[in-house]
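This report covers one protein model, from backbone geometry through to the core. Sequence and structure come first.

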Amino acid sequence: MAALPDLADGLKAPESPWTSGEGPDKDVVLSSRIRLARNFKAEPFPNREDRESALRVWKVVSDFCTDRPGYQFIDLSRQSDLVRQVLVEKHLISPDHAKDDDRYRALMLSDDDGVSVMVNEEDQLRIQVFEPGLNLGAAWQRASTLDDGLGAASPYAFDEKLGYLTACPTNIGTGLRASVLVHLPALRLTGGLRLVQEFSQMGLAVRGLFGEGSEAVGDFYQISNQQSLGRTEEDIIRTLEGAARRLIAAERQAREDLDKSRGLALEDEIWRNYGICAYARRLSSAEAYKLLSPLRMGAATGTLAPLSLAQVDRAYLLAQPGYLMLKEGQPADEAGRDALRASQLRQQLHLPVDHSTKEA
């Protein structure tokens, strides 16, 4: 069945917590996310449930959502493949949750896209809250409030010694996965990414833009905790925030070092990438990500002023094939998408170009 018009139209908007170009330390951190894994005590876990139990979980969340303004409950089986793809591209559901099967998969989504609750994924509930920039505390407060409400609607599976019980043993305990999405082009250029590799010794995981199993395209990395058992939520968040602040300081220092050591050459490289985006007639997703990374650094440092971080961050959605087709309102083959992507990026990144340089 075709997607509901209101959802499809809403997904065309470029605004989301990770494309806003706003928030604390926005030059390095695009967004912060808190995710809570939960299961209801009255029902078997998803890997053991039948359709009837999955439907009961679906109904608990549907009824809960009905009484909360600012949210909508979305039956994913009634959405098109394209809409589900865009939900993945916007980080609102996982690739597994986008599967078209008979598991009563659903989504509770806030009007601002800052909250998404995946229903009947690996766990019965995956509560996600996003905040722009480095703002884990605010994300945790919003997630905790929603978590309390859903737990009151139907008690969670909980053990006094182990904590919240989840389908995957790594999530047992708090059930909390906290993460930050960071942009680290200067650390890559200066060989400083070994700092990221050291985080595994702190119990942190490093993944690509779309989380587990994805590659670090466009100099984006997701940093998150690996364990939730035996640690408090506050401890997990404090550790991750400390790691994020180390990365922010290191990336900013690397940008200063690059400016001193490469100066005009670096500025020239950033503007050349902008020139390709401004005039190219065909761009693949991979090429767009490669081009946009130095543009984001240029917008953050003022090299590409008045180009804003919000302009660049929203351009990342245009690199996604699903979002591109949904926004255009028609399907396209790979060649057609590449041409459309180039056209859309030219419009998104429009800038009254001043060809002067710092030395001029």
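**Backbone geometry**

Pro306 sits in the loop between H9 and H10. Helices here are DSSP runs of H or I with at least four residues, strands are runs of E with at least two, and both are numbered from the N terminus. The peptide bond from Ala305 to Pro306 is cis, with omega near 10°. Most residues other than glycine have a negative phi, and most peptide bonds are trans.

This is a predicted model, where local features need pLDDT of at least 70, side-chain atom pairs count only at pLDDT 80 or more, and totals for chains, interfaces and linings use all residues. Residues are numbered from 1 along each chain as its sequence is written, and side-chain values use heavy atoms, with hydrogens and water left out.

Two aspartates carry a positive phi. Asp25 has a phi of about 55° and belongs to the loop between helix H1 (5–11) and S1. Asp25 counts as buried, at a relative accessible area of 19%. Buried means under 20% relative accessible area, exposed means over 50%, and partly exposed lies in between (1.4 Å probe, protein chains only). Asp113 has a phi near 65°. Its loop runs between strand S3 (106–110) and strand S4 (115–119). Asp113 is buried too, at 10% relative accessibility. A glycine also shows a positive phi: Gly263, which follows H7, has a value near 45°.

**Strand S1 and its partners**

Which strands pair with S1? Strand S8 (residues 176–183) runs antiparallel to S1 and is joined to it by seven bridges. Strand S5 (residues 125–132) is also antiparallel to S1, with eight bridges. Two strands pair if DSSP finds at least two bridges between them. Ser32 has Val180 of S8 as its bridge partner. Arg35 stands opposite Gln128 in S5.

Ala178 lies in S8. Its relative accessible area is 0%, so Ala178 is buried. Contact means heavy atoms within 4.5 Å. Beyond its neighbours within four places in sequence, Ala178 contacts residues including Arg33, Ile34, Ile223 and Leu240. Ala178 and Val129 are 49 residues apart in sequence, with their C-alpha atoms 9.7 Å apart.

**Helices and core**

The expected span of a helix is 1.5 Å times one less than its number of residues. H7 has 30 residues and should span 44 Å; its end C-alpha atoms are 43 Å apart, which agrees. The buried residues of H7 include Ile236, Leu240, Ala244, Leu247 and Glu251. Asp338, Leu340, Arg341, Ala342, Gln344 and Leu345 are buried in H12. Their cover includes helix H9 (285–301), helix H10 (309–318) and helix H11 (321–328).

A nonpolar core is a set of buried Ala, Val, Leu, Ile, Met, Phe, Trp, Tyr and Cys residues joined through side-chain atoms within 4.5 Å. The largest one has 98 residues, and those with the most contacts inside it are Ile34, Val180, Val182, Leu184, Ile223, Leu247 and Leu349. Helix H7 (residues 233–262) gives this core its largest share, nine residues. Leu247 touches Val182, Leu184 and Ile223, among others, not counting residues up to four places away in sequence.

**Aromatic pairs**

Rings of Phe, Tyr and Trp (its six-membered ring) pair if their centres lie within 6.5 Å; planes under 30 degrees apart count as stacked, over 60 as edge-to-face and the rest as tilted. The count comes to seven aromatic pairs. Two of them are tabulated.

| Pair | Centre distance | Plane angle | Class |
|---|---|---|---|
| Phe158 and Tyr164 | 5.0 Å | 70° | edge-to-face |
| Phe220 and Tyr316 | 4.8 Å | 75° | edge-to-face |

Phe220 is in strand S10 (residues 220–225) and Tyr316 in helix H10, so their pair ties together parts 96 residues apart in sequence. Phe220 is buried at 0%. Tyr316 is buried, also at 0%. Phe158 is partly exposed, at 44% relative accessibility.

Phe40, Tyr156, Phe158 and Tyr164 form one aromatic cluster. A charge sits over a ring if NZ of Lys or CZ of Arg is within 6 Å of the ring centre and within 35 degrees of the ring normal. The charged end of Arg38 sits over the ring of Tyr164, 3.6 Å from its centre. Arg38 also lies over the face of Tyr156, at 5.7 Å from the ring centre.
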